[in-house]
Amino acid sequence: MPQGKLCNRQPIKTDEQLKLTLSDKSGKQYYAEMKELDVDTNALWATIQKTMKSRIKTWLEICAHCGMCADSCFLYQVNDCVPEQVPSYKIQSTLGHIVKKKGQVDNEFMRHCMKVAWSQCTCCNRCGMYCPHGIDMGVMFSYLRGLLYSQGFVPWELKIGSGMHRVYRAQMDVTTEDWVETCEWMAEETEEEWPGLTIPVDKKDADIMYTCNAREPKHYPEDLAEAAVLFHVAGENWTVPSEGWEQTSLSMFAGDWECCKDNVNHVYDAIERLNPARVTGTECGHAHRATVIEGPYWAGREDGLPPKPYIHYVEWLAEALREGKLKIDPAKRIKEPVTLQDSCNYVRNQGLKDVTREILSYIVEPGYFVEMAPNKEHNYCCGGGGGFNGIGLYREQRNVALRKKMDQILDTGCKLVIAPCHNCWDAIRDLEEEYEIGIRWSFLKPLIIGMLDIPEGMRVEW
Amino acid sequence: MYELLTGPIMWLVFAISFGGLLVRVVLYFKGLNQQLDRVAYKAHLSYGLKGAFNSIISWLNPVGARAWRKKPGFTLIFFAFHIGLLATPIFLAAHNIMLQENLGFGLPQLPAFLADLLSWTVIVACVAIILRRIALPEVRILTTAYDYLMLLITVAPFVTGLIARYQMGDYQFWLLAHIISGQIWLLCLPFTKLSHCVLFFCSRAQLGMDYGIKRGGLKGSTFSW
């Protein structure tokens with residue numbers, strides 16, 4: 001069979017196709033069709049020739065096969081150090097093989113590559129830090145994912161995810177109306193407790209434009225309310241765009257680069273339209289990476305920067321605390337051992353290692369913050385990054401992957417983990433569900449709200 | 001034969017080897033692509049250069065990168081191998097005498113015992129590298145016949161050189177074997193993965209620029225390798 005009805009080389013572009021694919025429970029038919037899917041080897045090779053330049057070519061060629069990358073990979077560690085989990089092996093035996101064969105590979109091999117690309121690498125980029133030649137295998141796996149996506153070999157959930165972005169311009173089916181209504185609803189509800197609080201939509205020339213993760217309006221609208229409370233208390237002149245508010249990019253996990261470009265341009269259009277002084281996103285790692293770190297390149301921006309300064313939520317929070325816009329009641333600071341999860345996507349990939357610690361210095365009683373080991377740019381992936389959390393087919397492998405974070409957390413002796421990243425937050429929640437080690441986990445927003453020193457009359461106590 | 005090998009053929013080998021390596025470097029940098037690599041090399045050149053410098057320096061220093069510090073045994077073997085490999089041919093007295101005769105200048109010369117020590121170091125380190133390749137499953141799975149061939153080509157000039165130097169067997173034969181094996185090694189540099197002798201710097205510089213620009217450098221964050 002050349003191409004399936006659900007599993008094929010075309011991206012999902014219509015709501016109808018999206019619903020059809022969604023209705024295929026757990027992707028049963030989708031994966032069955034994948035077994036029959038032809039590989040367009042000529043197109044594959046043509047894409048490689050066009051997009052594989054000296055950086056990746058050199059990486060594949062000069063790899064010294066020294067194995068230094070082996071134990072930098074948490075998946076190698078948690079899978080009993082089986083040699084098949086050595087990062088260099090994983091990429092050489094997939095992308096390396098495709099290149100060696102000039103794209104002449106078969107269906108079975110492509111399915112093997114899919115398994116390796118989405119269940120044996122989270123694109124955390126840690127191995128790149130341990131390779132003497134500076135070979136970043138996470139970058140190469142992202143590239144491989146793009147090749148696989150273009151041939152239709154992508155996990156079911158991610159095909160749907162990028163389809164959602166194409167159809168709804170959000171990772172979930174949240175329409176513009178849904179979003180604006182959620183903003184109004186949350187403003188109305190929150191205003192009772194915080195008189196004067198608003199969630200201004202499409203306000204031009206504000207100081208801050210706020211963007212978020214579609215899961216927030218869809219499943220945790222209180223997160224949006226919390227963001228509003230903190231902006232309100234800090235006295236910020238802020239707004240959200242009615243269009244271009246969704247900052248995430250499952251298309252990045254899927255390797256659907258065309259869609260990535262569309263996503264980010266949609267956000268940048270909102271910036272151009274509303275002309276805020278700057279933009280801040282929510283407590284999400286991959287959303288920041290997609291929109292702020294990689295996005296400018298997808299959009300073809302020469303300076304590699306978004307149209308306006310675009311900061312991560314932790315940067316705004318640190319600034320608000322530093323400048324006294326938000327004040328913490330010392331009596332309410334955290335007085336129990338607490339640890340911090342460094343998100344790969346904005347710590348290893350944008351160096352934001354100190355601001356999170358600055359925030360903790362304001363909200364944790366001295367002596368109670370315990371670092372994970374290793375930490376900062378050397379920290380391990382939460383275990384669910386790169387789309388791993390969301391792929392049913394690889395749930396078992398994902399659960400094994402969580403063990404590294406579990407061990408790291410257990411070693412700190414802390415029962416509270418601060419995880420300012422949606423993916424990390426989910427992974428840590430799942431690891432507690434799976435292994436029951438008795439921990440709690442939290443974003444920063446609810447913690448900060450709980451310990452604010454609020455001016456008289458600003459909040460109505462019930 | 002000796003005259004020919006150390007005369008015109010030597011010059012030809014140098015030209016191909018060094019010329020080829022230069023071409024590799026030029027092609028590498030020409031092949032970098034801001035949009036595909038997702039690094040704004042040109043727009044933030046000074047940040048990029050700072051990152052590149054940090055990346056190279058950290059890895060040339062045996063305690064400069066966390067990866068080196070975590071594996072002191074391998075690091076020792078690795079540095080001993082590379083230092084011997086580079087220092088011996090460049091500073092060997094016999095080589096510099098030839099340089100002096102041909103070009104009228106020479107570099108500082110290694111005392112004989114140090115040259116011997118360095119040569120033996122290369123051979124011992126090479127054996128250790130081979131044993132490591134066989135012993136460790138995570139290295140064994142990566143190792144190919146090509147890796148062993150590269151090691152053989154690299155260590156051959158040292159083995160033949162030492163045999164000639166100790167005058168074991170037929171001196172003329174081993175001397176010629178040394179010269180030829182050295183020339184094979186030189187010729188392999190641009191065409192095999194031994195090209196890492198220059199591409200190491202290119203690749204490290206590239207990742208350093210990535211970190212120096214996009215992945216934190218512009219935020220003022222210094223990356224700790």
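Helices (H or I, at least four residues) and strands (E, at least two) are taken as DSSP runs and numbered from the N terminus. On this basis, chain B contains 12 helices and zero strands, and its order along the sequence reads α-α-α-α-α-α-α-α-α-α-α-α. The structure is a predicted model, in which local features need pLDDT of at least 70, side-chain atom pairs count only at pLDDT 80 or more, and totals for chains, interfaces and linings use all residues. Residues are numbered from 1 along each chain as its sequence is written, while chains are lettered from A and ligands numbered from 1 in the order in which they are written.

Along the principal axes, the C-alpha atoms of chain B fill a box of roughly 65 × 40 × 35 Å. Of its 225 residues, 36% count as buried, a residue being buried if 20 or more other C-beta atoms, placed from the backbone, lie within 10 Å of its own. Contacts are assigned where the C-beta atoms of two residues, placed from the backbone, lie within 7 Å. Among the contacts in chain B with a separation of 6 or more, 69% join residues 24 or more positions apart.

Between the chains, 41 residues of chain A are in contact with 43 residues of chain B. Helices H4 (54-62), H6 (87-100) and H15 (285-298) of chain A are the elements giving two or more residues to the side of chain A that touches chain B, and H4(A) supplies the largest share, six residues. By class, this side of chain A has 17 nonpolar, 15 polar and nine charged residues, where Ala, Val, Leu, Ile, Met, Phe, Trp, Tyr, Cys and Pro count as nonpolar, Asp, Glu, Lys and Arg as charged, and the others, Gly among them, as polar.

Chain A is divided into domain 1 (39-154), domain 2 (166-311) and domain 3 (326-450), with bounds from an automatic or database domain assignment. The C-alpha centres of domains 1 and 2 of chain A lie 32 Å apart. Six residues of domain 1 of chain A are in contact with four residues of domain 2 of chain A; the domain 1 side comprises three nonpolar, two polar and one charged.

Also in chain A, helix H16 (residues 313-322) and helix H18 (residues 353-363) pack with their axes, lines fitted to C-alpha atoms over the stretch in contact, 9 Å apart and at an angle of about 40°. The contact involves Val314(A), Glu315(A), Leu317(A), Ala318(A) and Leu321(A) of H16(A), together with Val355(A), Thr356(A), Glu358(A), Ile359(A) and Tyr362(A) of H18(A). By class, this contact of H16(A) with H18(A) has seven nonpolar, one polar and two charged residues.

Key:
Axes fitted to C-alpha atoms, helices over the stretch in contact; angles between N-to-C directions. Buried ≥ 20, exposed ≤ 12 C-beta atoms within 10 Å, placed from the backbone.
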